[in-house]
Amino acid sequence: NQALVEPMTVAQKLQMWALMTHIGFKHIEVGFPAASQPDFDFVRELIERNLIPDDVTIEVLAPAREALIRRTFEALKGARRAIVHIYNATSKPFREIVFGLSKPEVVNMAVSAVKLVKELCAENPGTEWVLEYSPETFTATELDFALEVCNAVTEAWGATPDNKIILNLPTTVEMATPNVYADQIEWFGRHINRRDSVIISLHTHNDRGTGVAATELGLMAGADRVEGC
């Protein structure tokens, strides 16, 4: 929605919100508040009008960039509970062509963002915070490097069984058949540090038309959660 020339209005998003809560979803990604004023205003509307049921947690998305993370926290002021979902691309083409960064610099990008989120959470103790991190372009990233980034992020957050981190492993572009994705998920789950402090989440795109199959196989391979698309 944030990429549309004319994104949904606040009123339209409120209609969608009412439908999602009526169906019974308990974790709902409500927007990208740093991307547009309507998305920012919608998050504020939910909080200020007390429209979030007690058993529902909102989630918002933000790139691993300081200004956008700070803007995201401005939108969330006063929320009872929120999942802050940050991401940065990790694959070789993004590292070399888009960012012009080495592997250690990409790890530092992720860790710096997590440390900022942790700092801002501490400044707003009235909200129950959950961190979610995505190595964007996971399926195109060398598995050992995706693991390295996620281990660094998990350590920076200080994840524990009582303060789990959500690690979202997206098929940002569906590059292979679902069984390959499931193999990646299984390998990741077997090798990630602090497995008891990590929730592995799936976010499958549908470029090949097999997004649902990839999700089903990913869950069978050991994932804990589905990030709907």
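Predicted model: local features only at pLDDT ≥ 70, side-chain atom pairs only at ≥ 80, totals over all residues.
The structure has 3 aromatic pairs. One of them joins Phe 73 to Trp 129, with the ring centres 4.8 Å apart and 40° between the planes, a tilted arrangement.

Phe 138 sits in the loop between S4 and helix H6 (143–157), while Phe 188 is in helix H7 (residues 178–191), so the pair ties together parts of the chain 50 residues apart in sequence. Both Phe 138 and Phe 188 are buried.

Aromatic rings also meet charged side chains here. Arg 71 places its charged end over the ring of Phe 40, 3.6 Å from the ring centre. Likewise, the charged end of Arg 95 lies over the ring of Phe 145, at 4.9 Å from the centre.

Phe 40 takes us to helix H2, where it is one of the buried residues, along with Asp 39, Phe 42, Val 43, Arg 44, Leu 46 and Ile 47. An α-helix has 3.6 residues a turn, so residues three or four places apart point the same way. The buried residues of H2 pack against helix H1 (10–23), strand S1 (27–31), strand S2 (57–63) and H3. How does the length of H2 compare with expectation? Its 12 residues (37–48), at 1.5 Å a residue, should span 16 Å, and the end C-alpha atoms are 16 Å apart, so the two agree. Where H2 starts, a side-chain oxygen of Ser 36 comes within 3.2 Å of the backbone nitrogen of Asp 39. After the helix comes Asn 50, with a positive phi near 55°.

Our last stop is Thr 215, in helix H8 (residues 211–220). At 13% relative accessibility, Thr 215 counts as buried. Beyond its neighbours within four places in sequence, Thr 215 contacts Leu 202, Thr 204 and Val 226. Leu 116, by contrast, is 99 residues from Thr 215 in sequence and 31 Å from it in space, C-alpha to C-alpha.

Definitions and conventions
Residues numbered from 1 in each chain as written. Heavy atoms only, no water. Phe/Tyr/Trp six-rings, centres within 6.5 Å; stacked < 30°, edge-to-face > 60°. Helix = DSSP H or I, 4+ residues; strand = E, 2+ residues; numbered from the N terminus. Buried < 20%, exposed > 50% of the residue type's maximum accessible area, 1.4 Å probe, protein only. Lys NZ or Arg CZ within 6 Å of the ring centre and 35° of its normal. Expected span 1.5 Å × (residues − 1). Contact = heavy atoms within 4.5 Å. Polar contact = N/O pair within 3.5 Å; in protein donor to acceptor, adjacent residues only side chain to side chain.
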